[in-house]
Amino acid sequence: MAELSREQVSQLKKMLDDRYEALRVELHEEVNAKDEHVNVATGEVPDPADSSFANLTVDLDNAAITRDVEERRAIEAAHARMNEGTYGICIDCGVDIPFARLQVQPIAERCAPCQEKYERTHGDVASRGPTL
Ligand SMILES: [Zn+2]
């Protein structure tokens, strides 16, 4: 783990958990709206409880859902890094990501310079939504 105190990590974890739950609610509403759309189109009545996010991503045509699903994946990845003890360490250069940056962006996996470099070399990232 980067040089984060136990308190700092639990603070960031709580931010991730809160965001994850907010996204779950948001996705639920968006998926329900999409299901209604599907119902009109096919006359079928899919059970929302049976819709897994994995299946939904196959033919996503809703940018909001795509963004939320991707953010949830980023949060899951951050959780995984916390469990592995690699959270807060830049995946590109290995330096500790400053706590101040993590507070703004708990899912950040790169330090600011590496993120800028990444976005310069992957031009499509910037156009896909908020930058990390
Ligand atoms: Zn870096």
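**A loop and its neighbours**

Mentor: Val95 is partly exposed, because 14 other C-beta atoms lie within 10 Å. The cut-offs are these: 20 or more other C-beta atoms within 10 Å of a residue's own make it buried, 12 or fewer make it exposed, and partly exposed is in between, with C-beta atoms placed from the backbone. This is a predicted model, in which local features need pLDDT of at least 70, side-chain atom pairs count only at pLDDT 80 or more, and totals for chains, interfaces and linings use all residues. Numbering starts from 1 along each chain as its sequence is written.

Val95 sits in the loop between helix 3 (63–84) and helix 4 (99–104). Helices here are DSSP runs of H or I with at least four residues, strands are E runs of at least two, and both are numbered from the N terminus. Leaving out residues up to four places away in sequence, Val95 touches Cys90 and Cys111. Such a contact requires C-beta atoms, placed from the backbone, within 7 Å. From C-alpha to C-alpha, Val95 and Cys111 are 7.3 Å apart in space and 16 residues apart in sequence.

Helix 3 has 22 residues, which should span 32 Å at 1.5 Å a residue; its end C-alpha atoms are 31 Å apart, so the two agree. The expected span is 1.5 Å times one less than the number of residues.

Gly88 is buried, because 26 other C-beta atoms lie within 10 Å. Its C-alpha is 7.8 Å from that of Ala108, a residue 20 places away in sequence.

Leu4 is buried, because it has 20 other C-beta atoms within 10 Å. Leu4 and Phe99 are 95 residues apart along the chain, yet their C-alpha atoms are separated by 7.2 Å.

Gln8 is partly exposed, because 16 other C-beta atoms lie within 10 Å.

The protein has six helices and zero strands. Of its 132 residues, 14% count as buried. Among contacts with a separation of 6 or more, 55% join residues 24 or more positions apart.

Last, confidence. pLDDT is the predictor's confidence in each residue, from 0 to 100. The mean for the protein is 82, and 70% of its residues reach 70 or more. Helix 4 has the highest mean among the elements, at 96, while helix 2 (residues 53–56) has the lowest, at 50.

Note on methods:
Contact = placed C-beta atoms within 7 Å.
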